[in-house]
Amino acid sequence: MIEVSGVARSFFVAGSGRRGFAGLPGLGRKREASRVVHAVRDVSFSAPAGQIIGLLGPNGAGKTTTLRMLAGLITPEAGRLSVDGIDVVARPREVLARMGVLSDSRGLYPRLTARENIVYYGALHGMEREAADARAQDLARMFDMTALLDRRTDGFSQGERMKTALARALVHDPANIVLDEPTNGLDVLATRALRDSLRWLRTPAGGAKCIVFSTHIMQEVERLCDSVVVVAEGRTVASGTVPELLARTGQTDFEEAFVALAFAPVKVAA
């Protein structure tokens, strides 16, 4: 289970457009032209085991920053994040052991084979080589990528890279999975394969995983998500099932409902 409660994170953008943490020294750069950007102001949601939660929002809404805080890559300025009751800031290594993260950059080592990428990541989680290799074989069968295992990832298609990165994220069989725009750049068949994999992973047979993913594709949300969290201007502005959000906005098309929720003026409590 993943819980995010009232998290916030700011950055400063210098005159050159370079970004750093708000409140930190300028490291010798001039600060006159810098400004503070509140990437995340107040985001909250809960993701139980055995469910897929969609995190939606316009570009710049704070989705990726929130997921990076959840992965322990950025420290929140306020609020709390926990995974299976474990505080992300206080005990990050324990959290990462229970979480598989697929970032938008994929981050594969191009000179290694798919198998080597997966097994190496398993070793980082303390797995014995034999166990990691056996797990790589199981995941390759799950994602229909057995033919890719002993090929270098340099030159892989977007779909092949996604499959390898997802297998790598799942090598230690985590209870919680975080995906940042996993279908970005995928073709129709690769997208369908990913959807099928996520549906299976949330079932008891697949481990009843808790899955949180961000996306801009409304069709994915309607087909996959048990619940949806809408973020705008760094704040959670709505949450619920697709039918609940349709009813709330009085719409019959989910894209229209999303626009009504995400682009309405954000009301801030006095």
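**View 1. Helix H6 from end to end.** At 1.5 Å a residue, the 14 residues of H6 (residues 188–201) should span 20 Å, and this agrees with its end C-alpha atoms, which are 20 Å apart. The expected span here is 1.5 Å times one less than the number of residues in the helix. Helices (H or I, at least four residues) and strands (E, at least two) are DSSP runs, numbered from the N terminus. Please keep in mind that this is a predicted model: local features need pLDDT of at least 70, side-chain atom pairs count only at pLDDT 80 or more, and totals for chains, interfaces and linings use all residues. Residues are numbered from 1 along each chain as its sequence is written, and side-chain values use heavy atoms, with hydrogens and water left out.

View 2. Look here for Ala-190, Thr-191, Leu-194, Arg-195, Ser-197, Leu-198 and Leu-201, the buried residues of H6. They cover an arc of only 165° around the axis, so they sit on the same side of H6. The arc is taken from the directions from the helix axis to the C-beta atoms. On the other side of H6 you will find Val-188 and Leu-189, which are exposed. Buried means under 20% relative accessible area, exposed over 50%, and partly exposed in between (1.4 Å probe, protein chains only). The cover over the buried residues of H6 includes strands E4 (52–56), E8 (176–180) and E9 (210–214), along with helices H4 (129–142), H5 (158–170) and H7 (218–224).

**View 3. The largest cavity, beside H6.** This cavity has a volume of about 30 Å³. Its lining is made of Pro-182, Thr-183, Leu-194, Arg-195, Leu-198, Phe-213, Glu-220 and Leu-224. H6 gives the most to this lining, with three residues, and the lining divides into five nonpolar, one polar and two charged residues. Ala, Val, Leu, Ile, Met, Phe, Trp, Tyr, Cys and Pro count as nonpolar, Asp, Glu, Lys and Arg as charged, and the others, Gly among them, as polar. On a 1 Å grid over the protein atoms alone, a cavity is a set of points where a 1.4 Å probe fits but cannot get out, and a pocket is an open set with protein on both sides within 12 Å along at least five of seven lines; lining residues have an atom within 4 Å of a point. Grid points are joined across faces, edges and corners, and a volume is the space filled by probe spheres set on the points.

**View 4. The largest pocket.** About 500 Å³ of space lies in this pocket. Of the 20 residues that line it, Leu-96, Val-101, Tyr-121, Leu-124 and His-125 lie nearest its centre. Helix H2 (92–97), strand E7 (99–102), helix H3 (114–124) and H5 are the elements that give two or more residues to the lining. Twelve of the lining residues are nonpolar, five polar and three charged.

**View 5. The second largest pocket.** Here the space is about 240 Å³. Gly-60, Ala-61, Gly-62, Lys-63 and Thr-65 lie nearest the centre, out of 17 lining residues. Strand E3 (35–47) and helix H1 (63–70) each supply at least two residues, and H1 gives the most, with four. This lining divides into four nonpolar, eight polar and five charged residues.

**View 6. Helix H9.** The buried residues of H9 (residues 254–262) are Phe-254, Ala-257, Phe-258, Leu-261 and Ala-262. They cover an arc of only 115° around the axis, which puts them on the same side of H9.

Conventions: Contact = heavy atoms within 4.5 Å.
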